[in-house]
Amino acid sequence: MTTLLDGYREHIVAAHKQPLFLLLVGFITSFVCIRFSVRMIRAEVRWWFGNVTPGGLHIHHMVFGLGFLLVGGVGVFATYGGHPWIDWFGLVFGIGCGLVLDEFALILHLDDVYWSEQGRKSVDAVIFGILFTALLLVGYVPLGVVPSQETRWGLITVISVNALASVITLIKGKMWTGLLGIMVPGLSWIGAIRLARPSSPWARWRYATRPRRRARALRRERLLHRRADRARTWLFDLIAGAPDKVPANHPAAHRVAERMSARATAHLDAHAARALARRQARLADRRSAAAAGAAPVAVGGAYGAGGSVAGPSLGAQQRRRAIRAGRNRTYAVRPTGVEHRSGRHPHLRPHTRRIHR
């Protein structure tokens, strides 16, 4: 214990890194605590206090994180960064960072995707934030350069090449290698030289006309990257909990449910409309048959034996074709020479004089 305290005084306090160290402590502590809390809530543990829902409104812990960030940031400027205030405000700012980045996916997607696959982006953001802060705690700036040292062109060249290699590595789809390569020299150079991932922008731009290189990238993806992704998924499940297999609050699930509901409603409406059209068509055919039995009517100038109608009327045929096609009834203009009889009840039919053409 004495050795740890001496090392802390020598490497942290004496090097003026205590505010950054407390920020990292608050960052890790808040992330671990909030993940433990949400996993207890998800498991529906009775003795845990649960969500904060005043008046039925669910308040995400990101809201509390923003409050911590404001207090920590404004407090440092208000106290001019003096001791011991900067140490305490650094701790408060770290707590806010952990609470906000734990819901980074919610900010990115503007939807509650905490327990879905998209929610893994929050874990990526938190891990990257912790690693970046830890690397800053080891050295002030990338490559371990101390600000008081004199500027050298060789060092500037190395930093520029390292930055270019980091950008190429990120374009090749190697996110963690590129991000860590910003702080660790040489790591991004290896990522820039090696093959790109098949789904990366670099592969779409450079491997489209190089089938052999694309085949090598696919083979390496199957052998190496998938194993690394499985290990990463297992680690993230251990840290943050496994996501839901069918996310309940995912926007895609809402869109699918709305689409299915709209299709079902449209199907029911079309079915009801077709049934109504069939009933109206049968009623109209009965009325037409009753009217044809009372007085023969010419249809297109064709008569059968004994003066009866040779077949169904033209309007009935059109109605049947419309019903078979799944559409509503269509009303066409009757041809010239066809007598129009009212579809009302014969006792209620007005007595009008026929006009012969």
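Of the 357 residues of the protein chain, 25% count as buried, where buried means under 20% relative accessible area, exposed means over 50%, and partly exposed covers what lies in between, computed with a 1.4 Å probe on protein chains only. The model is predicted, so local features need pLDDT of at least 70 and side-chain atom pairs count only at pLDDT 80 or more, while totals for chains, interfaces and linings use all residues. Residues are numbered from 1 along each chain as its sequence is written, and side-chain values use heavy atoms, with hydrogens and water left out.

**The whole chain**

Of the contacts in the protein chain with a separation of 6 or more, 59% are between residues 24 or more positions apart, a contact meaning heavy atoms within 4.5 Å.

**Stop 1: the loop between α1 and α2**

Select His-16, which lies in the loop between α1 and α2. His-16 has a positive phi of about 60° although it is not a glycine, and with a relative accessible area of 67% this residue is exposed.

**Stop 2: helices α3 and α4**

Move on to Pro-84, in the loop between α3 and α4, where a cis peptide bond with omega of about 0° joins His-83 and Pro-84. Then select residues 85–101, which form helix α4; its 17 residues reach 24 Å from the first C-alpha to the last, close to the 24 Å expected at 1.5 Å a residue, the expected span being 1.5 Å times one less than the number of residues. The buried residues of α4 include Asp-87, Phe-89, Val-92, Cys-97 and Leu-99, and the buried residues of this helix pack against α2 (18–42), α3 (61–78) and α5 (104–109).

Now show α3 beside α4. Two packed helices are described by the angle between their axes and the distance between the axes. Here α3 and α4 pack at an angle of about 150°, with their axes 7 Å apart; axes are lines fitted to C-alpha atoms, for helices over the stretch in contact, and angles run from 0 to 180 degrees between N-to-C directions. That makes α3 roughly antiparallel to α4, since angles under 35 degrees count as roughly parallel, over 145 as roughly antiparallel, 65 to 115 as roughly perpendicular and the rest as oblique.

To see the contact itself, display side chains on both helices: among the residues of α3 that take part are Met-62, Phe-64, Leu-69 and Val-76, and among those of α4 are Phe-89, Phe-93, Ile-95 and Val-100. By class, the contact of α3 with α4 has 14 nonpolar, six polar and no charged residues, where Ala, Val, Leu, Ile, Met, Phe, Trp, Tyr, Cys and Pro count as nonpolar, Asp, Glu, Lys and Arg as charged, and the others, Gly among them, as polar.

**Stop 3: Leu-110 and helix α6**

Leu-110 lies in the loop between α5 and α6 and has a positive phi of about 55° although it is not a glycine. At 76% relative accessibility, Leu-110 counts as exposed.

Continue to helix α6 (residues 120–138), whose 19 residues should span 27 Å at 1.5 Å a residue, in agreement with end C-alpha atoms that are 27 Å apart. The buried residues of α6 include Arg-120, Asp-124, Ile-130 and Leu-137, and what covers the buried residues of α6 includes α1 (2–13), α2, α4, α5, α8 (175–183) and α11 (211–240).

Within helix α6, centre the view on Thr-133, which is buried, with a relative accessible area of 9%. Leaving aside its neighbours within four places in sequence, Thr-133 is in contact with Leu-20, Leu-23, Leu-24 and Phe-27.

**Stop 4: Ile-168 in helix α7**

Next select Ile-168, in helix α7 (residues 153–171), which counts as partly exposed at 23% relative accessibility. The C-alpha atoms of Ile-168 and Ala-192 are separated by 5.6 Å, with the two residues 24 residues apart along the chain. Not counting residues up to four places away in sequence, Ile-168 touches Ala-192 and Trp-202.

**Stop 5: helices α2 and α11**

Finish with α2 and α11, whose axes come within 9 Å and cross at roughly 80°; the two helices are therefore roughly perpendicular to each other. Phe-31, Arg-35 and Arg-39 in α2 meet Asp-237, Leu-238, Ile-239 and Ala-240 in α11, and the residues of this contact divide into four nonpolar, no polar and three charged.

Terms used
Helices (H or I, at least four residues) and strands (E, at least two) are DSSP runs, numbered from the N terminus.
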